[in-house]
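Here is a protein chain to read closely. Look it over first, then work through the questions and answers below.

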Amino acid sequence: MMRPAAQQYVVTRPLYSEESFAQDHEKIYRHRKTMLDHVKQYFTCDAKRAKNTALSLLPVIGWMKAYRFKEWLLGDIVSGVSTGLVAVLQGLAYCLLASLPPWYGLFSAFFPVIIYFFLGTSRHISVGPFPVLCLMIGSAVTRLVPDEGPAFNITGFEGLTRDEQRVLVASSVTFLAGIMQLAMGVLQVGFVVMYLSDTLVSGFTTAAAIHILVSQLKFVLGLEVPGISGPLSLIYTLEIIFNKITSTNVCDVVISIVIMVVVFIVKEINDRFKSKLPVPIPIEVIMTVIACGVSYAFDFKTRYGIDVVGYIPKGYEAPVAPNPQIFQETAVEAFPIAIVGFAVAFSVAKVYSIKHDYTIDGNQELIAFGVSNIFGASFRSFAASTALSRSAVQESTGGKTQVAGLLSAVIVMIVTLAIGFLLEPLPKSVLGAVIIVNLKGSLMQFREIPYLWRRDKADCVVWLSSCIGAFLLGLDLGLAVGLGVELISVILRTQFPRCSLLANIRGTDIYKDRKDYINIYEPEGVKIFRIPSPIFFANIEFFRNKLVEAVEFNPLRVLRKRNKALRMIRKLLKKGKLQWTSIGFLNTSCGPINESEDESNMEELDQPTDFKDFPARIDWNAELPANIVVPRVEIHSLVLDFAAVSFLDISGLKGLKALLKELIRVEVEVYIVPQHTKLHDCSFFDDEVQSSMFYLTLHDAMLHILEKHPEPTQKKSDYEKIMTGVTVHHPPGSLRSRDRNVGISLKLCFSLFMVFEK
């Protein structure tokens, strides 16, 4: 809490409009680059730019130069081994989500990691399979190659087994997603991920966790459930599971429950004592090894009919070309895969970059993941991103750079080339149980709903829409639904902003919403209207309606009424039924104006009131002759606070100018704070709408109004209360002698004084 200042002073300055401020203070001319300048700069090449481009395309060069072998190498080795063991297990487990043979998950944990080592900018994320992406790929795979019935009629499927067809589909979808990511990176459109808000991603990943949970029930229960894709696939899958629930393999259920309980308990211990444990206990790896040994020793496959991982071939398969026909069939699925894969990886990378104080490049990340997926798909891997749990292991076990990632790939390679056969007796129910336990974090996101509802109902609607959409319609359509609702919410917030009337806080130069404060001052006949959004084609009519509601009259209607009244008065004067005297109009007899009269020429009614043939101007707020009734205008000044108006488009400018003219024509003085440069560029000003209406601050505009329209004597004290200075606190001795003697008289009918306490 700030103590009362030892020194204080009141700053006085002239009252500034935008014009007077520009006269007193010269602006620096800044040359603004044209589109042609940007194009020339983009294609200009020199030695320095070539070097920077090479370093940006190969970030490994930059951080390897600064690599501290003595400090970082041991941590990277420990982290690489730990992460590699987890990557092996997750590769096998997540491959089940993609409806592929388990060993192909090892390919996805190897090839993309090698490419990301050279091209990626994050030093801590662990690249490889991500469960949501695997499920999205599995949806495309089961759609083209279903469990039951014939596959799609695609050239290249001839002579292939069902598993080989599925691998071809998965690799082709991954290749296409990689091309999309690479194209977006080259075109520098990494900003598109910003449209996926945290709320949308949270709702989407929660629904994805439910999909993953349901997809693993068949392994946990030991049931044969065909893969179903498309809208309501989750409901149909649950229906099949419930119909077959009596065929559950009890041994699978027991194994799954034991694995889930043990893994859950140890994970809770890891979380609670993470500050005391040197490395997290790799319980998934431990339980997998134990389950493999027990399954092999007791021959679970033969004795209990348990489904196991089975044969794992040694080595890597020859590269395969993607199928262009599959591109055509899966383009709709590939795009959300590309976006979600990058969005998740970039979000995790950003968390670790902030924690460890280095920068990441979104466009370079797109290029890195694009090339990783293209390269990996050529060797039959599927789409790679990052899993938060695996990245947490890599970071928490001492990983400092992607050297740890490279070593984890080496561990995966050793398993693939040498010891993969040891995992052949591993029950698939173990993998399913491990996947389900790791869904805890995603499923617990349901707790965000009450918080979002209390804090921001629009965000809560986005969360529920993305979650329910993905739950019912599938992940690809669900993402589209969530994104659509999110964009609609942004449009609605911009199109229908919360406009407000402001008032002066007594004794200050501060203006706040009049509904929020008690001790406020509002001069009679003055309104201050604030719009907190851009003014453009979609909300200009809303802005107009809100302003009319705030000032409590329709300027166009008032203008037409006044012009109709002038017509009638001219007719009465011409007929001699109305005479002008020194005390005003004197009429003999006349009925009220007929509202439907003279409707033929409406354009003339919209023109400024013309008093050229009248002996004096008419006071429209006084009683009019011949029982003529015109709506009263209770204000003489209107201040528009445009501080939050970030841009105006052509439609907004036209609508704003028309509204200003209507107000000016009914004798309301309009002031705008502050001025927008676009108004000058678009020839906004004319004889009626002049640049002199723009003021530097709300307080400047208010002081000008009060000088021009002084308050009545009984309200003089209120008038003086807003004529305040700005109090600034300084430590002793911080003011220069030149500053202590500065005083500028305020150009008003009164003066402000300066007080210095030395």
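Q: Which residues of H17 are buried, and which elements do the buried residues pack against?
A: Helices (H or I, at least four residues) and strands (E, at least two) are DSSP runs, numbered from the N terminus. Buried means under 20% relative accessible area, exposed over 50%, partly exposed in between (1.4 Å probe, protein chains only). In H17, the buried residues are Arg390, Ser391, Val393, Gln394 and Glu395. By contact (heavy atoms within 4.5 Å), they pack against helix H5 (69-97), strand S1 (127-128), H15, strand S2 (385-386) and helix H18 (403-419).

Q: What kind of model is this, and what is the average pLDDT of the protein chain?
A: This is a predicted model: local features need pLDDT of at least 70, side-chain atom pairs count only at pLDDT 80 or more, and totals for chains, interfaces and linings use all residues. Residues are numbered from 1 along each chain as its sequence is written, and side-chain values use heavy atoms, leaving out hydrogens and water. pLDDT is the predictor's confidence in each residue, from 0 to 100. In the protein chain, 90% of the residues score at least 70, and the average is 84.

Q: Over which residues does pLDDT stay under 50?
A: Where pLDDT is low, the predicted coordinates should not be read in detail. Helix H31 (residues 737-740) has the lowest mean pLDDT among the elements, 35, while strand S6 (residues 526-530) has the highest, 96. The stretch under 50 has 74 contacts beyond four places in sequence in the model, and it covers residues 723-758.

Q: At what angle do the axes of H15 and H17 cross?
A: Two packed helices are described by the angle between their axes and the distance between the axes. Axes are lines fitted to C-alpha atoms, for helices over the stretch in contact, and angles run from 0 to 180 degrees between N-to-C directions. Helix H15 (residues 324-356) and helix H17 (residues 388-396) have axes that come within 11 Å and cross at roughly 25°.

Q: Why is H15 described as roughly parallel to H17?
A: Angles under 35 degrees count as roughly parallel, over 145 as roughly antiparallel, 65 to 115 as roughly perpendicular and the rest as oblique. The crossing is at roughly 25°. That makes H15 roughly parallel to H17.

Q: Which residues of H17 meet H15?
A: H15 brings Val348, Tyr352, Lys355 and His356 to the contact. From H17 come Leu388, Ser391, Ala392 and Glu395.

Q: Where does Pro231 lie, and is Pro231 buried or partly exposed?
A: Pro231 sits in the loop between helix H10 (198-221) and helix H11 (233-243). Beyond four places in sequence, Pro231 touches Tyr236, Leu472, Leu473 and Leu477. The relative accessibility of Pro231 is 45%, so Pro231 counts as partly exposed.

Q: Which peptide bond is cis, with omega near -15°?
A: Most residues other than glycine have a negative phi, and most peptide bonds are trans. Pro674 lies in the loop between strand S10 (669-673) and helix H28 (677-681). The cis bond runs from Val673 to Pro674.

Q: Is Ser99 buried or exposed?
A: Ser99 is found in the loop between H5 and helix H6 (104-108). Phi of Ser99 is positive, near 60°. At 18% relative accessibility, Ser99 counts as buried.
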